[in-house]
Amino acid sequence: MGAAASLSGKTFLFQENWSAAAAEFKKVIDSNIYSLTPKVRDNYSEENEFNEESIFEVAYNADINPGANGSVVDDDPSRTGAEATNIATQLGQLNFAAYNTLLPSYYLHELYVNDEIDPSNSINKGNQQSVRMSASIVPINGEGLYYQLPIGTRGGWAFGQSAYIKKYTNWYHLPNEDGNSRSGINFRHIRLADVYLMYAEALLNSGGSVDEAIEYIDMVRARAGVITIKQYLAANNNTFPQLHISKQVHGAQPMVAPNAENIMTHIRRVERPLELAFEGHRWKDLVRWGIVKEVFDELRQDEIWRMQNQASIFNQPPLYIAERIRPDFLLSSANYSPAVHNYFPIPAQELQTNDQIGN
């Protein structure tokens with residue numbers, strides 16, 4: 001029921017049928033089948049798989065069916081059970097047998113830095129960085145161990161790299177991936193935190209209660225042990241900070257009122273990227289919101305500022321960038337075109353055989 005209703009709600013969300021989307025997500029929420037896991041890391045490690053937050057999950061197993069080395073798929077019919085995946089090698093740190101196919105952007109890294117912990121939240125036990133940050137990325141000044149070693153023991157964090165990805169990697173294992181460079185971590189396609197944020201979005205766009213939308217966003221923030229929107233409002237004369245604005249580049253974050261537009265901006269630019277980073281949602285979200293060019297251009301301007309001021313920010317907080325400024329959005333900002341990049345092309349065979357396409 002939960003997977004079907006969540007997928008139905010997500011379909012309505014992409015169609016901008018906001019009321020129908022909200023109704024489907026509320027079915028999932030009100031079913032009381034699901035709840036947020038106490039530990040956010042349980043959503044992208046081998047520990048506590050098929051947990052209370054998981055709604056649609058695909059199983060992988062490196063013990064039953066380890067697969068072939070690297071990206072080659074093992075089609076041996078004599079093997080049974082879920083095959084291992086090579087996703088960890090695409091995400092992890094190069095010196096730990098991964099490929100650096102993906103890296104956190106400076107934007108995402110700074111979002112996690114700004115993910116301000118709530119000392120009164122029992123989830124926090126002396127940590128200075130949010131548990132959501134420590135479960136998702138690893139900067140050079142990160143807390144805890146990385147592949148069972150002190151952070152920085154192995155090389156990296158140079159030539160523009162400010163952080164590496166922890167989520168969906170084997171960082172909590174021994175100092176390398178398994179012998180086949182593969183992983184048994186299940187992939188959670190839909191989990192309750194995602195549903196909460198989609199429900200809040202549907203509410204805001206259907207004229208629903210802003211306070212109710214904040215309530216569901218704050219459930220996700222409270223689980224992460226960070227200051228909730230309501231806490232910000234109470235402490236700042238009913239305003240909250242625009243946490244997606246780079247303090248390194250712009251010096252400060254504007255304080256704004258909790259109206260539908262500003263809370264929607266928070267979902268788009270702060271909460272979904274923080275909570276769901278590297279889970280396959282971001283590009284589709286930006287496209288359906290119609291803000292790809294806006295985001296690319298903003299982040300490119302931040303890059304330009306960093307390049308112009310690199311001497312004063314190298315090896316300095318909040319990002320501790322070393323040696324160069326990575327031009328992540330140089331080509332994206334210059335070349336993005338909605339007509340070309342928002343949709344996959346229709347295969348030529350389909351165009352030739354289906355005369356209903358385009359009608």
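Leaving out residues up to four places away in sequence, Ser246 makes contact with Glu110, Gly251, Asp302 and Arg306. The model in view is a predicted one. Ser246 belongs to the loop between strand E7 (240-241) and helix H9 (247-250). Its relative accessible area is 5%, so Ser246 is buried.

Helix H1 covers residues 2-14, and at 1.5 Å a residue its 13 residues should span 18 Å. The C-alpha atoms at its ends are 18 Å apart, which agrees with that expectation.

Which residues of H1 are buried? They are Gly2, Ala5, Ser6, Gly9, Lys10 and Leu13. Looking down the axis of H1, these buried residues fall within an arc of 135°, so they line one face of the helix. What do they pack against? Their partners are helix H2 (18-30), strand E1 (54-58), strand E6 (187-191), helix H6 (192-205) and helix H11 (282-289).

Not counting residues up to four places away in sequence, Gly9 touches Ala21, Glu24 and Phe25. Gly9 and Ala252 are 243 residues apart in sequence, and their C-alpha atoms are 37 Å apart in space.

After H1 comes Glu16, whose phi is positive, near 60°.

### Helix H10 and its bend

Helix H10 (residues 260-276) bends by about 40° at Ile267. Of the 17 residues of H10, 13 are buried, so the helix is largely enclosed by the rest of the structure. H10 is followed by Phe278, and here phi is positive, near 65°.

Most residues other than glycine have a negative phi, and most peptide bonds are trans.

Asn48 is not a glycine, yet its phi is positive at about 60°. This residue lies in the loop between H2 and E1. Is Asn48 buried or partly exposed? Its relative accessible area is 36%, so Asn48 is partly exposed.

Trp157 also has a positive phi, near 55°, and is a residue other than glycine. Trp157 is located in the loop between strand E4 (149-150) and strand E5 (163-165). Its relative accessibility is 8%, so Trp157 counts as buried.

The peptide bond from Pro317 to Pro318 is cis, with omega near 10°. Pro318 is part of the loop between helix H13 (310-313) and helix H14 (330-335).

### Aromatic pairs and charges over rings

How many aromatic pairs are there? The count comes to 14. In one of them, the rings of Trp171 and Tyr172 have centres 5.8 Å apart and planes at 90°, so the pair is edge-to-face. Tyr199 and Tyr216 form another edge-to-face pair, 5.1 Å centre to centre and with 85° between the planes. Tyr199 lies in helix H6 and Tyr216 in helix H7 (residues 210-223), so this pair ties together parts that are 17 residues apart in sequence.

| Residue | Relative accessible area | State |
|---|---|---|
| Trp171 | 10% | buried |
| Tyr172 | 11% | buried |
| Tyr199 | 5% | buried |
| Tyr216 | 7% | buried |

Trp157 returns in this part of the story: ring pairs link Phe96, Tyr146, Tyr147, Trp157 and Tyr164 into a cluster.

Where does the charged end of Lys167 sit? It sits over the ring of Tyr44, 4.4 Å from the ring centre.

How values were computed. Residues are numbered from 1 along each chain as its sequence is written. This is a predicted model: local features need pLDDT of at least 70, side-chain atom pairs count only at pLDDT 80 or more; totals for chains, interfaces and linings use all residues. Side-chain values use heavy atoms; hydrogens and water are left out. Helices (H or I, at least four residues) and strands (E, at least two) are DSSP runs, numbered from the N terminus. The expected span of a helix is 1.5 Å times one less than its number of residues. Buried means under 20% relative accessible area, exposed over 50%, partly exposed in between (1.4 Å probe, protein chains only). The arc is that of the directions from the helix axis to the C-beta atoms. Contact means heavy atoms within 4.5 Å. Rings of Phe, Tyr and Trp (its six-membered ring) pair if their centres lie within 6.5 Å; planes under 30 degrees apart count as stacked, over 60 as edge-to-face and the rest as tilted. A charge sits over a ring if NZ of Lys or CZ of Arg is within 6 Å of the ring centre and within 35 degrees of the ring normal. The bend at a residue is the angle between axes fitted to the seven residues ending there and the seven starting there.
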